[in-house]
Amino acid sequence: MLDNKIKSKAEIRAEKLLPGNQNFTTITDDIAGVPESKKTPIQWWLLFGFALSLLAIFAGSVGFLIWEGTGIWGINNPVFWGWAIINFVWWVGIGHAGTLISAILHLFRQNWRNAINRFAETMTLFAVICALVFPGIHVGRIWLAYWFFPIPNQMGLWPNMRSPLIWDFFAVFTYFTVSLLFWYTGLIPDLATLRDRAKTNLKRKIYGFFALGWRGGNRQWQHYELAYLVLAGISTPLVLSVHSVVSSDFATSIIPGWHTTIFPPYFVAGAIYSGFGMVMTLSIIARKVYNLGHIITVEHLDKMAQIMLLTGCMVGYAYSMEFFVAWYSGNAYESFAFVNRALGPYWWGYWVMIFCNVVVPQFFWFERYRRHIPFLFITSILVNIGMWFERFVIVVVTLHRDFMPGAWAMYNPTIFDVSIYVGTFGLFFTGFLLFLRFLPMVSIAEAKLVLPESNPHHGHEE
Amino acid sequence: MNTYGVIARFDTPLALVHAAEKVKDAGFKDFDCHSPFPIHGMDDAMGLKRSKLGYVIGAMGLTGALFGFGLQTWIHSIEYPMNISGKPFFAYPAYAIITFELMVLFSAFGAVFGMMYFNSIPRFHHPVFYSDKFSRVTSDAFYVSIEISDPKYNEEEVKSFLEKIGGTDIEVLKDEN
Amino acid sequence: MKLDSKTYHYSSKKSTNFILMFAGIALLSIAWFAGFESKEFYFSYLTSFFFWLSIILGAMFFTFVHYAFSATWSVAIIRVMENTLMLIPIFTMLFFPIIAGMEMLFKWLPDHSYWLTHSFEADHLIQHKLPFLNKQFFLQRAVAYFSLWNVIAFYIYFTSTKHDTDANHNALIKLKNFTMSPIGVLLFTSITFAGLDWLMSLDPHWYSTMYGVYTFAGSFLAFLAFLTFTLIRLKDQGYLKDIVSEEHFHDLGKYLFAFTVFYCYIAGAQFYFIWYTNIPEETIWYLHRWVGSWKTISILLIVGKFFIPFFALIFRGSKRNLRLLQFMSIWILFMHYIDINFIVMPTLHHDGFHFGIYDIASMLGFAAIFIGGFRYIMSRSPLVPLNDPELIHSINHRNH
């Protein structure tokens, strides 16, 4: 009865996730081979050049912003929160998928994450850096950005610890620090691998320095595994808290359309959704450029598409509930805010958001679309366009028609709004490409855990 | 020229787990099993107690939470009370978020630096690095090392013991000078 | 590995179970008869009804997650969840007293006693909501929810039990296709609107976009506690030996812990933004729950529904301690009852918490029906899905 001849799920999973005849040696060679190789693919140089030119645009625009002040942006009465906050929320949101993949899927013992978690964590780091740029530069007098910190001014007055903007600072700062620690902890055994395989003395010294003298003893693994598990455990509520805190920037106000109780889980779902879109985009590019189709397989892309379907349905649910309750509440201002989103002068923003975030993921009910790589690639970009528009709808469309109809106005972004936003892609991709070149993009130690022979109890269960 | 211990290579994770059990049963204390990835059930095989790291993390988390809550209470109730949105000075629900964030931040520090403390890293020089072949342990090799500090250590006996339990490439760790 | 069939065949006397169910129905009938004209009865009945129903809805959600994501570890305990689902037909019947007492419960009906002294037409908020909150549409929605839940319960239960006898693995594929489909979206929507209809509309002026998630989070936590309690009870009686191990309880403990935190996050966020913004039409809901002895209940919920389970379950050891888990699961269920009471009752008792004869009668009545029915359903099929190829892996599964 119980001695079924069917293959165990572990075996099937391993076959799907690591196809071909692979063993510990080939995994190390494949993954470590990328940073070790002397030849850099031509595509890498092309992308890197492109990223660097965007970075130059970024540096120039930010320099001019600091010189001239935030007047160069399109913000004006009544829209005083423009692209800076949109981009901030967008980039933080993208970061969330990285933590989700590393932490939550680790807790749920979803081994398939092992192929993409390093990738996703790195994406988190650079996305959070891009996000942190915006609160940093939006203060205008950037040399006073330390006012974010809980330090009293010359009058002995402290920052208001009950303000959501200070919560934001604490949340994003904690998030960045914990993500960095989590990323680095995961990297230690792999750095040791690179150290032990290094051909030149300099490389050996550099990798060796960061590997901290790791020697893979079980007395080390024991503490290491617990630390990693706890980091995953605390990152999970952290990632929920970060976007909840970001949502509180809006929801603690009394602006119709902003003040609504569903905001925290809705923002978290949206963040994960956009983040998975970005992981999808990046991993499709990376597996193409580096021929890693056998490590980041279609199976992984399928799983990610399933999560995008789930979170896409969640944001769809939140949009519907907001709309329904705006009517149900009987509050005229609340209803107006939502009707204005859908049918007002910015109707196109709302319908881009609905199309990209609610309609597009519905294709993922079908396995055919979840495994169609060009379709996935286009979808993953659409998702991020949709999520950018979601924040645009929340920020700009809500504000441009506020309580006083005499002050209603349209929001006109300037070239500097655009150039700084585009420039952050330069920052993001420069960092990411350097990571791809010099560090193992898949966790070498964890990728091996997908092989059945890594489990000593394998084949001895019955 | 000093000797520091003996290492022996095993072929598979399973072989390493069995070796660990035998080394433990033979009464060795200062030994370790090296592998490219953590192996399930190895802690039991080596007879290791559960890591104490959890307590460190818990203590750090509690400290962070108390610090966060205390800081906000102190600032807004004692140091510089200010009326904000008509709420009491001690508006404790508003303190939940920073309390939580600092709890997480401190726990993360506890986890990473506690792990480094328990693992005695950074430590850039260790006798096992004297072996050239040992460098494959971070890729695809599985090693048992028995250190000279072990009370039962006797070079010849240890070597033959490791050979008997299936170890290959047995090496004595020696420094170069 | 061979399992002793005694450990997975639940035996209970059919007559005992039917007497139990009958006694429950009798008790509820007597209470209904006595309190036919009394608001007290209908509010108590609604509280108990929703308490037990939420356990079934939580089970439905967990079953969906299990099959949609082909979870391995929960295979050994899935049948207990599926058994819970099969109580939905009884609960469909038990909804009728609520329909009969609608005028007593819901202020948005023009027949509610409040409108004897006030003008229904002058309440413009309720007038605005009439297209949604009217008797006909309310009943149509209730029919829709119960139809959906019955279809889900019957489909999952009978597909899964059929697999026990014919060992045709297509059943698992069918279940995966069934759960990994828009039916899951419908299920969540139905839970949302059931919460809106039966709980939130008790106070027809008040609204919260979080309410559906709030209902879900409470239901799921309640079901986890019920599941843990049931499994420990079964083990104590000698069932599921060698099948459900400490490892499963460790996982359940993790779930209990995680969803205690999740519930706190959802309920807390709902409170937080209303408290922070301080808009009168929203704060009124919490203000009603901060007067008289309701204040004690509110504090009890914060301490009892969050802090106590949080600190009790945070340690690894406590998740593997069956006696502690058993106590915590009863405690969480108890707090869930207090929670539903806290949601429903302040509409009736503005001055403070009351616990009367109708509360006791409906709670005991529902408990008798639920337990009798559940024991009967459990005895009808093996306690584990015998032919599921993953069962062996679920049994052998180990934690970190």
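**Entry 1: starting point**

I'm working with a predicted model, not an experimental one.

**Entry 2: chain B against chain A**

I started with the pair B and A. How many residues of each chain are in contact? I found 70 from chain B and 61 from chain A. I looked up the buried area next: about 5800 Å² between chain B and chain A, with 69% of that from carbon and sulfur atoms. B:Pro38, B:Glu101 and B:Thr138 supply 11% of the area that chain B buries against chain A, more than any other three residues.

Then I checked the polar side of things. The count of salt bridges between chain B and chain A came out at 0. Polar contacts do turn up across this interface, in 20 residue pairs with both partners at pLDDT 80 or more.

Which elements of chain B supply at least two residues each to the side that touches chain A? My list reads helix H1 (13–25), strand E2 (31–34), helix H2 (42–46), helix H3 (53–79) and helix H4 (96–119). H4(B) has the largest share of that side, with 16 residues. I sorted the side of chain B that touches chain A by class too, and got 46 nonpolar, 14 polar and 10 charged residues.

**Entry 3: chain A against chain C**

On to the pair A and C. The contact takes 48 residues from chain A and 61 residues from chain C. Together these two chains bury about 4500 Å², and 67% of it is on carbon and sulfur atoms. Salt bridges between chain A and chain C: I count 0.

On the chain A side, the elements giving two or more residues are helix H1 (9–17), helix H6 (164–197), helix H8 (218–251), helix H9 (263–289) and helix H10 (298–328). H10(A) gives the most, with 11 residues. The side of chain A that touches chain C divides into 24 nonpolar, 16 polar and 8 charged residues.

**Entry 4: a closer look at C:Ser201**

Where does C:Ser201 lie? I traced C:Ser201 to the loop between helix H10 (182–198) and helix H11 (211–236) of chain C. Is C:Ser201 buried or exposed? Its relative accessible area is 0%, so I noted C:Ser201 as buried, the cut-off for that being under 20%. Leaving out residues up to four places away in sequence, C:Ser201 touches C:Phe106, C:Trp108, C:Leu133 and C:Leu196, along with A:Tyr328 from chain A.

Notes: Residues are numbered from 1 along each chain as its sequence is written. Chains are lettered from A and ligands numbered from 1 in the order in which they are written. This is a predicted model: local features need pLDDT of at least 70, side-chain atom pairs count only at pLDDT 80 or more; totals for chains, interfaces and linings use all residues. Side-chain values use heavy atoms; hydrogens and water are left out. Contact means heavy atoms within 4.5 Å. Buried area is the accessible area (1.4 Å probe) that two parts lose on being put together, summed over both. A salt bridge is a side-chain nitrogen of Lys or Arg within 4 Å of a carboxyl oxygen of Asp or Glu. Helices (H or I, at least four residues) and strands (E, at least two) are DSSP runs, numbered from the N terminus. Ala, Val, Leu, Ile, Met, Phe, Trp, Tyr, Cys and Pro count as nonpolar, Asp, Glu, Lys and Arg as charged, and the others, Gly among them, as polar. A polar contact is a pair of N or O atoms within 3.5 Å; within protein, one must be able to donate a hydrogen and the other to accept it, and residues adjacent in sequence count only if both atoms are side-chain atoms. Buried means under 20% relative accessible area, exposed over 50%, partly exposed in between (1.4 Å probe, protein chains only).
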